[in-house]
Every structure is written in C-alpha cells, then in structure tokens.
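Here is my note on the model. Please keep the structure open and check each point as you read.

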Amino acid sequence: MDLLIVEDERSLADDIKAYLDGPGVRCAIAGTVREALDTILNKPFDCLVLDLTLPDGNGLEVLRELKGMGRTDGVVIISAKDALADRIEGLRIGADDYITKPFHLAELAVRVQATVRRTRFQGHDRLCFAELEIDLPAHTASVHGVAVPLTPTEFRLLRLLTASRDRVLPRNVI
C-alpha cells in the first residue's frame with residue numbers, strides 16, 4: 001500500500017509514517033500544497049492522509065486537483081478544524097473520511113485501511129482471482145490454498161496489479 005502523508009508539522013508526519021510504515025506499506029511525506037501536487041502528479045497512491053492547514057495554502061486545493069484529474073486515490077483528511085462546515089466541505093469535494101486532531105494513530109490506521117479497502121478492493125480484505133487468493137491484512141498470497149512466498153516488493157506489485165486491473169499504470173509506480 002502506498003500512502004502520501006500531507007502534513008506540515010514534521011514531527012506529526014514522522015509519527016504517522018513510523019506508525020503506518022510496515023510490511024507492504026510505503027509512506028511518503030509532503031509538507032506543502034506544492035510538494036503534495038508535485039508528488040501526486042508523478043505517482044498514484046492508495047490513500048492520502050491530508051491536513052487542511054498548510055503553509056502555502058489549503059489541503060482542499062490538493063483534494064480538488066486530485067479529483068479534477070479523475071484520480072481515485074483514497075483521502076483521509078486530518079485537521080484541527082472541527083466545524084461541521086469544514087467536514088462537510090471536505091467530504092463534498094471527495095474525501096473518504098475526516099478525522100479531527102488530536103487523534104489516536106491506531107484510529108487513523110484503521111480509517112486508512114478501511115478507505116483503501118473501499119476504494120480499491122470493493123470493501124474486501126481477501127481478493128480471489130481464479131485459483132489465486134490474496135490476504136491483504138496478512139500480506140500473503142496462495143494458489144489452491146498453498147502459500148506463495150513473496151518478498152514485500154513482489155506483494156506490493158501483485159496487490160497493485162490486482163487493484164489496477166482496469167487501468168494503465170505508469171512505469172514508476174513500484
């Protein structure tokens with residue numbers, strides 16, 4: 001799973017990255033609207049963790065641009081803005097979830113996983129293609145019930161290809 005954390009508070013971004021990083025998960029960090037836009041232009045992400053208050057603008061600019069490109073990357077907004085109008089605006093534009101600061105990292109992780117499950121895998125944790133079965137949370141694959149040993153990169157590639165079976169992917173996605 002590829003995640004982009006758009007957060008200007010570097011210590012919080014590093015904490016989120018440290019918590020979410022693991023087998024089968026790669027996190028990138030952008031601290032400004034410009035960095036985020038440059039990053040999403042070059043690569044699709046399974047999910048963006050998007051702060052709204054950034055030094056060079058509003059995170060909603062990133063969301064609008066992403067949706068304007070027709071991209072289906074999941075988006076979980078994290079923000080200190082907890083007014084109903086802010087939450088409604090973010091969700092109306094196309095965010096999948098909205099969580100207010102402060103939050104527990106475990107809750108953020110579960111919301112990111114749920115967003116990816118909804119946007120990429122029609123709500124399922126297991127994918128089946130003929131004799132191939134992929135267990136997303138366990139980062140394992142099997143054929144006819146026999147485990148297939150995969151490196152983390154091989155698993156990411158398998159997951160990416162199965163999630164993207166109806167679209168063309170750029171060369172630099174892995």
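**Notes on the chain**

1. Start with helix H1. Its face turned away from the buried side carries the exposed residues Arg10 and Ala18. Exposed means over 50% relative accessible area, buried means under 20%, and partly exposed lies in between (1.4 Å probe, protein chains only). Helices (H or I, at least four residues) and strands (E, at least two) are DSSP runs, numbered from the N terminus.

2. Which residues of H1 are buried? H1 spans residues 10-20, and its buried residues are Leu12, Ala13, Ile16 and Leu20. They lie on the same side of H1 because they cover an arc of only 100 degrees around the axis. That arc is taken from the directions from the helix axis to the C-beta atoms.

3. A word on the source. This is a predicted model, in which local features need pLDDT of at least 70 and side-chain atom pairs count only at pLDDT 80 or more, while totals for chains, interfaces and linings use all residues. Residues are numbered from 1 along each chain as its sequence is written, and side-chain values use heavy atoms, with hydrogens and water left out.

4. Now the whole chain. It has six helices and eleven strands. Of its 174 residues, 44% are buried.

5. Two strands pair if DSSP finds at least two bridges between them.

6. Look at S1 (residues 2-6) beside S2. Five bridges join these parallel strands. Leu3 stands opposite Cys27 in S2.

7. Another open sheet has four strands, ordered S8-S9-S10-S11, with antiparallel pairing. S8 (126-129) and S11 (146-148) are its edge strands. Four bridges join S9 (residues 132-135) to S10 (residues 140-143). Leu132 stands opposite Val143 in S10.
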